[in-house]
Amino acid sequence: MSADTPHRIALLRHAKADWPDVSDHDRPLAERGRKDAPAVGLKLAETGITFDLALCSTAVRTRETWKLAVQELPARPRTVYEDRLYEASPGELIALLNETPDEVADVVLIGHNPAMHALADTLSGRAEGDTLTRMTRTGFPTAALAVVSFTGSWKSLEPGVGTLLDYWTPKEH
């Protein structure tokens, strides 16, 4: 893959979680989350992007979100459950993405806020249409999805190099 090949990163915040008496890491999806996760999977499919790799937090709510969302995709990407996604900062997420092999074109990252919103903001030096305005206005609610593209190697991913291509929330649809 050449250095000028565009890469796309889909940043997916887990769907709505329940609050039972368990550790934060072990919180499952709420009923609304179980409905929103397939909807965001459909939105991922509508992007037309064939993801090569999914990096998913090990938290129960992110794994459950991905399990429901991935069923809506035409092709299932290789999935890696990554401890470092839980409670990660945007800088830590960029460092994790910098480790991606260059033969991987497109990645979906399933994680948590505030990191998903902050990463979408941090990477996006530009935005298409009203995507940035909508993301700023609505924040990054559960099951929100942002798609960012950038050109270059994964090692060159850094703040401001991307373009926010798409932003979606279940409440908008």
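Throughout, buried means under 20% relative accessible area, exposed over 50%, and partly exposed in between (1.4 Å probe, protein chains only). Helices (H or I, at least four residues) and strands (E, at least two) are DSSP runs, numbered from the N terminus.

This is a predicted model, in which local features need pLDDT of at least 70 and side-chain atom pairs count only at pLDDT 80 or more, while totals for chains, interfaces and linings use all residues. Residues are numbered from 1 along each chain as its sequence is written, and side-chain values use heavy atoms, with hydrogens and water left out.

1. Sheet order. An open sheet of 7 strands runs in the order S3-S2-S4-S1-S6-S7-S5, with mixed pairing; two strands pair if DSSP finds at least two bridges between them. The edges are formed by strand S3 (78–82) and strand S5 (124–127), each of which has a single partner strand, so one side of each lacks a neighbour in the sheet. On average, neighbouring strands of this sheet are turned by 25° against each other, direction ignored. Axes are lines fitted to C-alpha atoms, for helices over the stretch in contact, and angles run from 0 to 180 degrees between N-to-C directions.

2. Contact is taken as heavy atoms within 4.5 Å. Strand S2 (residues 53–57) pairs with strand S4 (residues 106–111) in the parallel sense over 4 bridges. Helix H4 (residues 115–123) packs on the sheet and touches strand S1 (6–13), S4, S5, strand S6 (145–151) and strand S7 (162–168). The direction of H4 makes about 155° with that of S1. Helix H5 (residues 131–138) also packs on the sheet, where it touches S5, S6 and S7, and its direction makes about 60° with that of S7.

3. Strand S4. How many of the residues of S4 are buried? The count is 6 of 6, and the strand is mostly covered. In a regular strand the side chains alternate between the two faces of the sheet. In S4, Asp 106, Val 108 and Ile 110 lie on one side and Val 107, Leu 109 and Gly 111 on the other, and both faces are covered. S4 pairs with S1 in the parallel sense over 6 bridges; Leu 12 has Ile 110 of S4 as its bridge partner.

4. Strand S2. This strand is mostly covered as well, with 5 of its 5 residues buried. Leu 53, Leu 55 and Ser 57 point one way from S2, Ala 54 and Cys 56 point the other way, and all are buried. Towards S4, Ala 54 has Val 108 as its bridge partner, and Leu 53 has Val 107. S2 and S3 pair in the parallel sense over 5 bridges, and the partner of Leu 53 in S3 is Arg 78.

5. Most residues other than glycine have a negative phi, and most peptide bonds are trans. A cis peptide bond joins Asn 113 and Pro 114, with omega about 10°; Pro 114 is in the loop between S4 and H4. Glu 87 is not a glycine, yet its phi is positive, about 65°. This residue lies in the loop between S3 and helix H3 (90–98). Ala 143, in the loop between H5 and S6, likewise has a positive phi, near 65°. Are these two residues buried or exposed? Glu 87 is exposed, with a relative accessible area of 66%, whereas Ala 143 is buried at 0%.

6. Ala 30. This residue is in the loop between S1 and helix H1 (31–46) and is buried, with a relative accessible area of 13%. Leaving aside neighbours within four places in sequence, Ala 30 is in contact with Lys 16, Ala 17 and Asp 18. Ala 30 and His 14 are 16 residues apart in sequence and 11 Å apart in space, C-alpha to C-alpha.

7. Cavity. On a 1 Å grid over the protein atoms alone, a cavity is a set of points where a 1.4 Å probe fits but cannot get out; lining residues have an atom within 4 Å of a point. Grid points are joined across faces, edges and corners, and a volume is the space filled by probe spheres set on the points. The structure holds 1 cavity of 30 Å³ or more, and the largest cavity has a volume of about 50 Å³. Its lining consists of Ala 45, Ile 49, Thr 50, Phe 51, Leu 73, Pro 74 and Ala 75. These divide into 6 nonpolar, 1 polar and no charged residues, where Ala, Val, Leu, Ile, Met, Phe, Trp, Tyr, Cys and Pro count as nonpolar, Asp, Glu, Lys and Arg as charged, and the others, Gly among them, as polar.

Note on methods: On a 1 Å grid over the protein atoms alone, a cavity is a set of points where a 1.4 Å probe fits but cannot get out, and a pocket is an open set with protein on both sides within 12 Å along at least five of seven lines; lining residues have an atom within 4 Å of a point.
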